[in-house]
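Hi everyone, thanks for coming. I'd like to walk you through one structure today, so please have a look at it while I talk.

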Protein chains: 2
Amino acid sequence: MNFKQKYDSFADLVNKALEEYVTEKDTPEGTIYKAMKYSLMAGGKRLRPVLSLSVCEILGGEPENVIPYACAVEMIHTYSLIHDDLPAMDNDDYRRGRLTSHKVFGEAIAVLAGDALLNYAFEIMLEDVLKKGGDTGIKVMDIVAKAAGVSGMIGGQVVDLESEGKGIPVNILEYMHRCKTGALIKASVMLSAALCGTNKKKEECLEEYAEKIGLAFQIKDDILDVEGDFKDLGKATGSDAANGKTTFATIYGVERSREILTEVISQAVYAVKREFGDEAEFLVNLAEYIASRES
Amino acid sequence: MNFKQKYDSFADLVNKALEEYVTEKDTPEGTIYKAMKYSLMAGGKRLRPVLSLSVCEILGGEPENVIPYACAVEMIHTYSLIHDDLPAMDNDDYRRGRLTSHKVFGEAIAVLAGDALLNYAFEIMLEDVLKKGGDTGIKVMDIVAKAAGVSGMIGGQVVDLESEGKGIPVNILEYMHRCKTGALIKASVMLSAALCGTNKKKEECLEEYAEKIGLAFQIKDDILDVEGDFKDLGKATGSDAANGKTTFATIYGVERSREILTEVISQAVYAVKREFGDEAEFLVNLAEYIASRES
């Protein structure tokens, strides 16, 4: 299997599980399931759960042990996009080429669909913990909860919001990215390390890898916002500049941002090769994919 | 101690714990803590955690075992109010006589403050589970998660939203209330039963009590929306009629709604007296307080 085939096989596993987790129901509140599913199955790349599954593989773990938590992270990621797209936030009409939740279901249902996905993420993790027993599931839930909350993703979103229209120094920009995008990406890697078990050294390498690709992901996002196509991205570009946001591109310019991106990716690759050697091939390709993606 | 003194002593315990859980921080995302705290400490009645603590008392449990979960429920209740008040939802400028979150912090932060409180509820429950170990905390978290999610509160909010401007039959109205308000009130009672331990019979009585006071709470809310004062309620009245909502008051009229309320309260009182006798005094008074409150 080449990289793309392998990526797709992981993503298929995730898509199948997500389809099963959220089924439409003919109940008075049926709309909420439709709205949850609309955004959850909107053609996302599944980067976070693919990361979880690929780390599971190099650690020799069982994918079915990882799936509930990987899907929970994808639900949390999706809820954050729904709320981010709201008129009061980024006011985006399109995401991945499709109308955003509030354009299809109205703002009120979009708010609730986001709330529902966040809550449901915990419901499915709890279901797994109750079924399997033991402490590991709790620890993993704690990793995910902290990554998603005020000391992680939500904290980063707040810094992002408050920095609009005013310049922020590069250390705050990096702090923001580490929280906003980095925390959940890191959690996707670390949840597999916790669930599958590994030694301290390998765990540290995975942690470093996760931090670097999280940063790389955001730098690439900033570059794409300047240079990407609506066709590829499925959403408007140039919105960062229009919103007066500080990004890697506004601080360093696109050319230097590309160089930083290349450096960060080689650090990620080095970290993971150090302990895993050739077995890290997929994770190496994944890091390079993050840097080269067009959407 | 009379009823009011005892109620206040439970509420004080909750307020103190909530103050400790959410402290303002001088970090780049500091606004989110301010916004969380603003709504959390906005003078709520603490009905749900007071219920948890009073059930804990008649079961001979330790309040400190119940506090984290009772506070989590109050955080979930508060997040739902913040999102409910948003312009896209009920569009309320005031709650408990104070400006709502989005009027003070803007809509974007209000959305995130709600998200943050929901996420934080799980963070504090997880912290307790990790500290104490054992299965009970997980089961309680599961009770809370289900009550807050699509099969509970969020489901009820969706039915509420979708029934605006059109009449709904009484069975759907009751279903909506059971989910929207009832589920979290019931969880407040049942989480204490699970944490403190009890027998099947007592648990069933508590469950019946919880269901009845949840329903009573909503009937009273519907009556207050017609007859309450802004002064007492701290929010606009008559909004149900203005929004074309079906309520107990619109279906049965205020007089008949009062009678139903009295019936439901006596069923709650009967349920709890059956197994607990005189020890149920506070819970009996609490049921009557729900029916007689002016806000």
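Let me start with a question: leaving aside its neighbours within four places in sequence, which residues is Ser257(A) in contact with? Keep in mind that we are looking at a predicted model. The partners are Ile219(A), Ile223(A), Phe248(A), Ala249(A) and Tyr252(A). Ser257(A) itself sits in helix α13 of chain A, which covers residues 248-276. With a relative accessible area of 0%, Ser257(A) is buried.

Now to Arg256(A), which makes a salt bridge with Glu263(A), where the closest N and O atoms are 3.5 Å apart. Arg256(A) is partly exposed, at 33% relative accessibility, and Glu263(A) is partly exposed too, at 40%.

How many salt bridges are there over all chains? The search of the whole structure gives 38. Let me pick out a couple in chain B. Asp93(B) pairs with Lys103(B), with 4.0 Å between the closest N and O atoms. Asp93(B) is in the loop between α4 and β1, while Lys103(B) belongs to helix α5, so this pair ties together parts that are 10 residues apart in sequence. Another salt bridge joins the side chains of Arg258(B) and Glu227(B), at 2.4 Å from N to O. Here Arg258(B) comes from helix α13 and Glu227(B) from helix α10, so the parts tied together are 31 residues apart in sequence. Arg258(B) is partly exposed at 32%, and Glu227(B) is partly exposed at 44%. Back in chain A, shared partners link Asp90(A), Asp160(A), Lys180(A) and Lys245(A) into one salt-bridge network.

Let's turn to the place where the two chains meet. Chain A and chain B each give 45 residues to the contact. Together they bury about 4,100 Å², with 74% of that on carbon and sulfur atoms. On the chain B side, Leu112(B), Asn119(B) and Val150(B) lose the most area to chain A, together 15% of what that side buries.

The most comes from α6(B), with 15 residues. By type, that side of chain B divides into 30 nonpolar, seven polar and eight charged residues.

That's my tour; I'm happy to take questions.

Definitions and conventions. Residues are numbered from 1 along each chain as its sequence is written. Chains are lettered from A and ligands numbered from 1 in the order in which they are written. This is a predicted model: local features need pLDDT of at least 70, side-chain atom pairs count only at pLDDT 80 or more; totals for chains, interfaces and linings use all residues. Side-chain values use heavy atoms; hydrogens and water are left out. Contact means heavy atoms within 4.5 Å. Buried area is the accessible area (1.4 Å probe) that two parts lose on being put together, summed over both. Helices (H or I, at least four residues) and strands (E, at least two) are DSSP runs, numbered from the N terminus. Ala, Val, Leu, Ile, Met, Phe, Trp, Tyr, Cys and Pro count as nonpolar, Asp, Glu, Lys and Arg as charged, and the others, Gly among them, as polar. Buried means under 20% relative accessible area, exposed over 50%, partly exposed in between (1.4 Å probe, protein chains only).
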